[in-house]
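Student: I have a model open and want to learn what its labels rest on. Can we go through them one by one?

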Amino acid sequence: MISLDEARRFVLQDLVPLPPRDLALAHALGCVAAQEVTAREPSPRFENSSMDGFALRAIDTRGGGRRLRVTNSIFAGDTPSITLDEGEAARIMTGAPVPTGADSVCLREETVLDSDGQSVVIEREVRLGEAIRHVGDDVAVGQVLVSPGDELGPALLGVLASQGYSDVTAHPRPLVGVLSTGNELSDDPGPLSLGTIRDANRPSLLASLHASGFETIDLGIVGDSPADITETLERGASSCDAIISTGGVSVGDADFVKSVLLQLCGDRARSMQVAMKPGKPFTFGVATDSGVPIFGLAGNPVSTLVGFEAFVRPALRRLGGHRVLDRLIIAMVLDCPLSRKPDGRLHLAHVVARVHDDGLVHVESVARLASHLLHAVARANALVFVPDGDGADAGDIVRGMVLDADQLSVD
């Protein structure tokens, strides 16, 4: 067996980000910028009010309790042509341009408007520049907005849109083909014959890929035929950036995926026995002709999900240009014992974890540990790393990978 770290190094060693392309902002969420973007104009572009109130000259409110003549009303989107003189004020709405002559805004709630609307009493002295958003407060012309390697989140996309950009140069989301192998597999929703099972791996992997922000192609179910497996992998490699196959990587007489991968990938492939549980059998290679990475995951459904987190997701994030490859790994407090027997392997246990009143993340329950028990791990929101040995006791601190951060705070 080889260590998990050694297997990951083999997977990641030759992978580089996909070539960048221009992506519409609407399709760039979560992608990684590949080119610097600078501001075309200041933000704000003009002085405007930060609240509903009255635009005025601060000097006219000295001492408070001053009455000013109301000359006009200015709304967001207006282009005011008025000039305020001594003793004058103008109604102004949030975001509206500040008229010439005004240097401050007083909040509407701190004024008393006469019944005829022709004058207003400013109840306190207003500070010079109060409640005014000045030109370039947020962004100056030429300021760097996006640097290569930045992940494009909602705020950054909003900034780019506000600067008049409609697209951005970024690494695209990897397009990933998914297939399951095995004569025993079926997609038939009706009654099955003895020895046949419905495929759970493709649906769970396709969902995992979508949840992680990747694009997918369903390559279907392939029987235990080297020729059929080869044809499907070659077809997938012609259109995909990466391929995931499940099953056929262990030591059974019908486990043909590993031999096909060694044929397609040559010396860029490796069949491994990784010192981890679940997910010990694993094959990975980079296709010689296309350069497409191909992952051969173990066929048991829990092994498939663990292999996705350990190998596939980090590799796909590298293809997407991300700097951070893995999910958040934090210390967790065990509220229940986590037993195991020494076997020379790292165990990865699905658990339910929650943030408690002490501010720490606690492991409240541990799923039954078996690679075929998919329902048992369905509600897990973290993976705990259990080193070789006798396990851990309640109260011990363990390392855990957060699979679903939203569920950490659910009662």
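**Pockets, cavity and cysteines**

Tutor: Start with the elements: helix 3 (201–211) and helix 6 (301–319) each supply at least two residues to the lining of the largest pocket. Helices (H or I, at least four residues) and strands (E, at least two) are DSSP runs, numbered from the N terminus. This is a predicted model, where local features need pLDDT of at least 70, side-chain atom pairs count only at pLDDT 80 or more, and totals for chains, interfaces and linings use all residues. Residues are numbered from 1 along each chain as its sequence is written, and side-chain values use heavy atoms, with hydrogens and water left out.

Student: What makes a space a pocket, and what a cavity?

Tutor: Both are sets of points on a 1 Å grid over the protein atoms alone. In a cavity a 1.4 Å probe fits but cannot get out. A pocket is an open set with protein on both sides within 12 Å along at least five of seven lines. Lining residues have an atom within 4 Å of a point.

Student: How much space lies in the largest pocket?

Tutor: About 700 Å³. Its lining has 34 residues, and Ser208, Ala211, Ser212, Glu309 and Arg327 are the closest to its centre. Helix 6 gives the most to this lining, with five residues.

Student: And where is the centre of the second largest pocket, going by the residues that lie nearest?

Tutor: By Asn201, Ala298, Gly299, Asn300 and Pro301, out of 30 lining residues. The second largest pocket holds about 440 Å³ of space. Strand 14 (175–181), strand 16 (197–198) and helix 6 each supply at least two residues of its lining.

Student: Which residues line the largest cavity?

Tutor: Gly279, Pro281, Phe282, Leu297, Ala298, Ser303, Gly307 and Phe311. The volume of this cavity is about 30 Å³. Helix 6 gives the most to its lining, with three residues.

Student: How do you know how many disulfides there are?

Tutor: A disulfide is a pair of cysteine sulfur atoms within 2.5 Å. The structure holds zero. Take Cys240: the closest cysteine sulfur, in Cys265, is 14 Å from its own, so that is too far for a bond.

Student: Why is Cys240 called buried?

Tutor: Buried means under 20% relative accessible area, exposed over 50%, partly exposed in between (1.4 Å probe, protein chains only). Cys240 has 4%, so Cys240 is buried. Cys106 has 0% relative accessibility, so Cys106 counts as buried.

How values were computed
Points joined across faces, edges and corners; volume = space filled by probe spheres on them.
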